[in-house]
Amino acid sequence: MTAKKIKLQEETISEILLADTDSESGTEASDFEEEEEEQEQEQEQEEEEEEEEQQQQQQASAEVGGQAAASSGLPTWGPPLGRNTNSHPFVGPAKGVKKSEAPHINKDSWPLSVLLLFFKEIFQLLVEQTNAYYQQHLDGQAGPSRRLPDITLTDMIFFALALQMGHELKDTLHDYWTILRQLRNPFYGETMTRDRFLHILRFLHFADNSQRPDKVEEYNRLWKLRTVFDKLNEAYAKF
């Protein structure tokens with residue numbers, strides 16, 4: 001019995017000691033957390049005070065600089081004073097093609113149809129002026145020469161070939177119409193003959209040379225392209 005009592009007393013004492021140590025460690029942990037919170041609050045307060053001091057110093061230096069610049073008559077750099085610097089969104093007409101001017105254009109239209117809205121008149125101008133320039137060339141020949149057919153609006157596929165050539169570089173223009181198997185691309189020959197392409201390239205014109213303005217003080221070096229610019233501006237405003 002005595003041995004059992006002693007053993008029970010030892011177990012009871014050990015449980016009491018463990019409970020005391022747990023309570024002490026919990027108290028120490030809570031005290032440590034409180035100290036950390038206090039340190040963080042003090043650090044935040046110090047940072048706020050430093051920021052306020054820096055702002056005050058910057059404001060004071062700006063005022064001093066502004067007074068010095070005002071006394072010397074020099075402009076000061078900075079945001080405009082007494083003005084509304086808020087940005088407002090641009091408000092303009094509705095986006096997209098104007099249905100009243102192009103009722104045949106819809107979401108299923110080909111890109112070429114949209115392109116022709118802006119460039120059809122320019123293509124017609126090129127057809128007229130290119131044929132006129134070719135006629136001027138024939139008139140300037142000493143003897144008779146074989147006249148080639150005038151170009152038409154369909155021949156403006158010329159520009160599609162020119163754009164495609166930029167994606168497929170070759171050594172010469174003739175190579176795009178070569179019959180060699182290792183170099184041949186049937187797209188060019190099936191779209192336009194080589195001689196027709198070279199004919200348009202040689203006589204392509206935007207304005208009548210006989211209408212060249214006199215070289216006065218207000219002479220415009222871009223007079224040959226002025227009509228093209230005007231037609232583009234009209235189309236952009238129209239559609």
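Is phenylalanine 158 buried or exposed? The points below start there; please keep in mind that this is a predicted model.

1. Phenylalanine 158 counts as buried because its relative accessibility is 4%, and the cut-off for buried is under 20%. Phenylalanine 159, at 26% relative accessibility, counts as partly exposed.

2. Phenylalanine 158 and phenylalanine 159 make an edge-to-face aromatic pair, with 5.3 Å centre to centre and 85° between the planes. The planes count as edge-to-face because that label applies over 60 degrees.

3. Ring pairs join Phe158 and Phe159 into a cluster with Phe119, Phe123, Tyr176, Trp177, Phe187, Tyr188 and Phe197.

4. On the surface, have a look at the nonpolar patch formed by Trp110, Leu112, Leu115 and Leu116, which together have about 440 Å² of accessible area. Leucine 116 lies in helix α2 (residues 111-139) and is partly exposed, with a relative accessible area of 33%.

5. Finally, which residues does histidine 199 touch, not counting residues up to four places away in sequence? They are Tyr134, Leu148, Pro149 and Ile151. Histidine 199 sits in helix α5 (residues 194-203), and with a relative accessible area of 8% it is buried.

Notes:
Residues numbered from 1 in each chain as written. Predicted model: local features only at pLDDT ≥ 70, side-chain atom pairs only at ≥ 80, totals over all residues. Heavy atoms only, no water. Phe/Tyr/Trp six-rings, centres within 6.5 Å; stacked < 30°, edge-to-face > 60°. Buried < 20%, exposed > 50% of the residue type's maximum accessible area, 1.4 Å probe, protein only. Patch = residues over 30% accessible without salt bridge, like charges linked within 9 Å, V, L, I, M, F, W, Y side chains within 5 Å. Areas by Shrake-Rupley, 256 points an atom, 1.4 Å probe, with all protein chains shown as cover. Salt bridge = Lys/Arg side-chain N within 4 Å of Asp/Glu carboxyl O. Helix = DSSP H or I, 4+ residues; strand = E, 2+ residues; numbered from the N terminus. Contact = heavy atoms within 4.5 Å.
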